[in-house]
Amino acid sequence: MTSTSTIKFARKAAPAVPTDAKWSVADVQTLFDMPFLDLLFRAQQVHREHFKAGEIQRSTLLSIKTGGCSEDCGYCSQSARYDTGLEREQLMAVEEVLEHARAAKAKGSSRFCMGAAWRGPKEKDLQPVLEMVREVKKLGLETCVTLGMLGQGQAEQLADAGLDYYNHNIDTAPEYYSEVITTHTLQDRLDTLDKVRDAGINVCSGGIIGLGETQTGRAGLIAQLANMNPPPESVPINNLVQIPGTPLADGSKIDPLDFVRTVAAARITMPTSFVRLSAGRQEMSDELQAMCFMAGANSIFYGERLLTTDNPDADHDQRLFERLGLTSI
Ligand code: SAM
Ligand code: DTB
Ligand code: SF4
């Protein structure tokens, strides 16, 4: 005889974790199809098995070279191909970068992420970036850079400078990639990620939600990240910041609850990774962000600026941490 409790609580079985730890697109889609509260509960369970609940890592971003990028990423304010009204800036001087890094540390950030609008760094540009990495590290901050595709030997040079993380997102569903970007391929991105991994640098790789991808496409993005061996140590989940002038400026926005589902799926499929609630927080309510933390996000970008767009100011985040009883690591 079936017990009442079985009828009441086992409405939809959660998918079993695949034994070979590989996730098919269908497995992730099954997570998306779970009742919302069951999905969040499962994500919390996984989260608490691997992390202390309520501990949130904070990274501060700085654009060290802004605009004028040769690539055509359809969401980006910094592509030279779109008129987004962004003012181009040359590579920042090391001392100016350090001023920003000191301020980030004083506000409580533990990692400093420097981003450059390049297809990839030229050798002459890499040298000052190596200096930035060495000097920021001396301040007692973890270092991260995002410089585009790396050439032969560049990952090793970054590793020698002491770089902790390299950010390089795979951004969207494999089958949708060429709809969004035509100047490089997903395979190019994966090749750079291999170089980063081989050089012994921690991998930071995630994507953007709301580019017009289907829900299956979103499942494909998460599956591809989760199936990396090992998965990225840091997984930024960005909500598209719509930039006037870019091809993706006017698409329809996704249901915020689907964003939360994506965070939960990232947590469940990548149990030991830091999942970062990344771009898009400025347009999210505190309550929606709280739900993302419930879904297993345990990292944020902290400080009033992302690369070229606004982020909640640090005081607001500080109050949010206090209201939610969150602590920083
Ligand atoms: N040029 C390098 C690259 O593409 O890797 C580094 C900088 S690029 C701006 C870093 C990442 O920012 C992109 O891969 C994308 O995930 C994210 N990004 C860029 N524009 C965005 C936007 N409008 N909304 C959300 N995320 C965005
Ligand atoms: C990531 O995944 N998101 C950050 C960081 N890595 C480099 C960048 C977000 C950019 C948002 C739009 C802007 O400010 O230009
Ligand atoms: Fe250039 Fe990176 Fe923007 Fe693409 S996402 S246009 S590579 S800065």
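Author: Happy to! Let's begin with the patch: E156, D160, D191, D194 and D198 together form a negative surface patch. To belong to a patch, a residue needs over 30% relative accessible area and no salt bridge; like charges are then joined within 9 Å, and nonpolar side chains (Val, Leu, Ile, Met, Phe, Trp, Tyr) within 5 Å. Asp and Glu count as negative and Lys and Arg as positive, while His and the chain ends are not counted. The place of a charge is taken as CG of Asp, CD of Glu, NZ of Lys or CZ of Arg.

Two elements, α6 (154-160) and α8 (186-198), each give two or more residues to the negative patch. The most come from α8, which gives three. Helices (H or I, at least four residues) and strands (E, at least two) are DSSP runs, numbered from the N terminus. D191 is in helix α8, and D191 is partly exposed at 33% relative accessible area. Buried means under 20%, exposed over 50%, and partly exposed in between; the areas come from the Shrake-Rupley method with a 1.4 Å probe, and for residues only the protein chains shown count as cover.

A word on the source: this is a predicted model, where local features need pLDDT of at least 70 and side-chain atom pairs count only at pLDDT 80 or more, while totals for chains, interfaces and linings use all residues. Residues are numbered from 1 along each chain as its sequence is written, and side-chain values use heavy atoms, with hydrogens and water left out.

Now for the pairs. Side chains of opposite charge can pair when their charged atoms come close. A salt bridge here is a side-chain nitrogen of Lys or Arg within 4 Å of a carboxyl oxygen of Asp or Glu, and the structure holds 17 of them.

One of them joins K138 to E135, with the closest N and O atoms 2.9 Å apart. Both are in helix α5 (residues 123-138), and because they are three residues apart, about one helical turn separates them. K138 is exposed, at 63% relative accessible area.

Another salt bridge brings together D164 and K137, at 3.1 Å from N to O. This pair links distant parts of the chain, 27 residues apart: D164 is in the loop between α6 and β4 (165-167), and K137 is in helix α5. D164 counts as buried at 18% relative accessibility, whereas K137 is partly exposed at 33%.

How values were computed
Chains are lettered from A and ligands numbered from 1 in the order in which they are written. Buried means under 20% relative accessible area, exposed over 50%, partly exposed in between (1.4 Å probe, protein chains only).
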